[in-house]
Amino acid sequence: MAALQKDCAAILPELFKACEVLLFESDQLVLSVPSAALAAKLKQTLPRLRESLLKRGWQVSSIRLKVQVGQVAVKTKQEKRIALSGNAVGALDELEKSLERNPHNDGLRAALQAMIRRHRRDQPA
């Protein structure tokens, strides 16, 4: 089963990330899919998957999809933090102070002030 899972993932790497091989019995392959939307996309590629598996030696006559919503894998997105040097923060501060005070620059000035505050707070003393 692990080898079949690996081959399916190699054939359809993007679509097969959240899928699993549930059963392979009597030449019938049953795949677990986390959503109906992914099942619809995967269904379009089943002929190619079947042909590729046959070429790899797997005797697959049919492929069924089983939607199992409870198995949705939640991927956490890690926040990227970029540390600015003291010189960079100083340059941003100078830029903010040099901007003309008018309604057109208010948004930019507010964004620069927030960035300066955040990076000064994060810098070691």
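Trainee: Which residue forms a salt bridge with D93, and how many Å apart are the closest N and O atoms?

Mentor: Before the answer, a word on the source: this is a predicted model, in which local features need pLDDT of at least 70 and side-chain atom pairs count only at pLDDT 80 or more, while totals for chains, interfaces and linings use all residues. Residues are numbered from 1 along each chain as its sequence is written, and side-chain values use heavy atoms, with hydrogens and water left out.

The partner is R120, and the closest N and O atoms of D93 and R120 are 3.3 Å apart. A salt bridge here is a side-chain nitrogen of Lys or Arg within 4 Å of a carboxyl oxygen of Asp or Glu. Helices (H or I, at least four residues) and strands (E, at least two) are DSSP runs, numbered from the N terminus.

D93 also forms a salt bridge with K97, where the closest N and O atoms are 3.2 Å apart. K97 and D93 are four residues apart in helix α3 (residues 86-98), and therefore about one helical turn separates them. Through shared partners, the salt bridges join D93, K97 and R120 into one network.

D93 is buried, with a relative accessible area of 15%, whereas K97 is exposed at 58% and R120 is partly exposed at 43%. As a general point, side chains of opposite charge can pair when their charged atoms come close.

By the rule given above, the count comes to five salt bridges. Another of them joins the side chains of E14 and K17, with an N to O distance of 3.4 Å. Here E14 is exposed, with a relative accessible area of 59%, and K17 is exposed as well, with a value of 54%.

From the charged pairs we can turn to the nonpolar residues. A nonpolar core is a set of buried Ala, Val, Leu, Ile, Met, Phe, Trp, Tyr and Cys residues joined through side-chain atoms within 4.5 Å. The largest such core has 19 residues, and C8, L29, L31, L49 and L53 are the ones that touch the most other members. At least two residues of this core come from each of α1 (2-11), β2 (28-33) and α2 (36-55), and α2 gives the most, with six residues. Leaving aside residues up to four places away in sequence, C8 touches F16, V21, L29, L49 and L53, where contact means heavy atoms within 4.5 Å.

Finally, consider strand β3 (residues 62-67), in which R64 is found. R64 is partly exposed, at 43% relative accessibility, and, again not counting residues up to four places away in sequence, it touches Q28, L29, V30 and L31.

How values were computed: Buried means under 20% relative accessible area, exposed over 50%, partly exposed in between (1.4 Å probe, protein chains only).
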